Amino acid sequence: SVNVEATRKLAEAALKAGVKRFVFISTALVYSHNTHNRPWRETDEILPQEPLYAKTKIAAEKTLFELQEKADIDLRVMRVGFIYGDGDQHLTEFLPIMQKWAPETVMALVHHKDVMQALSLAATVSDVQGSIFNVADDMRMEVKELLSQVDPGNVQDPSKEYMNFPAFEMDVDTKKIKEMLGFAPYYPSYYDAKQQGGL
């Protein structure tokens with residue numbers, strides 16, 4: 001009701017109000033079952049997978065692209081990595097879940113400040129109508145490394161369900177957003193954010 005229907009209603013209201021550019025925040029979780037042995041690219045096929053959150057974001061993207069075909073709206077979709085920083089407890093809250101993930105799985109992270117930068121660029125740069133952009137910082141971290149930073153002394157207990165995760169299951173390629181929007185992370189890595197007091 002929120003991720004799909006409310007998004008559709010908001011886009012329709014924007015059109016009615018004469019808004020010409022619409023930026024939608026999606027998620028890198030729309031990607032699933034990576035068989036490429038590389039980070040996900042915006043052109044890779046996505047299929048509705050669990051969790052439900054990812055399914056609703058996929059449905060919302062589809063709804064917006066269908067609307068774009070029918071109406072004059074300049075759509076930009078941002079598939080954002082795992083957001084952290086500025087006092088956000090997202091990483092801490094996810095600890096019980098991350099403990100079960102495969103230790104070597106690589107994660108794409110992005111700081112709040114860089115999410116804001118990406119959205120600002122998406123809203124202001126011309127001639128990228130209908131584009132999808134992955135959003136993440138420059139350094140990827142394995143789950144075990146991230147856990148050691150967020151919760152030193154944490155002992156992982158990977159579940160069989162996640163042990164077969166491909167290495168790049170939660171990683172995204174950010175070449176497109178850099179080339180087309182000029183995106184350059186304020187915090188290229190988690191370590192930069194930590195050193196500069198951005199956590």
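This note covers the salt bridges of the predicted model shown above.

1. Basis. In this predicted model, local features need pLDDT of at least 70 and side-chain atom pairs count only at pLDDT 80 or more, while totals for chains, interfaces and linings use all residues. Residues are numbered from 1 along each chain as its sequence is written, and side-chain values use heavy atoms, with hydrogens and water left out.

2. Count. The structure holds 14 salt bridges. The term means a side-chain nitrogen of Lys or Arg within 4 Å of a carboxyl oxygen of Asp or Glu.

3. D72 and K20. These two form a salt bridge, with the closest N and O atoms 3.5 Å apart. The pair links distant parts of the chain, 52 residues apart. D72 lies in the loop between α2 (52-70) and β2 (74-80), and K20 in the loop between α1 (2-16) and β1 (21-27). Helices (H or I, at least four residues) and strands (E, at least two) are DSSP runs, numbered from the N terminus. Both residues are exposed (over 50% relative accessible area; buried is under 20%, partly exposed in between; 1.4 Å probe, protein chains only).

4. E104 and K144. Their side chains meet in a salt bridge at 3.4 Å, N to O. E104 sits in the loop between α4 (95-98) and β4 (106-107), K144 in helix α6 (residues 143-150), 40 residues apart. E104 counts as partly exposed because its relative accessibility is 42%. K144 is partly exposed too, at 40%.

5. K178 and D138. The closest N and O atoms of this salt bridge are 2.6 Å apart. K178 is in helix α8 (residues 175-181); D138 is in the loop between β6 (131-135) and β7 (141-142).
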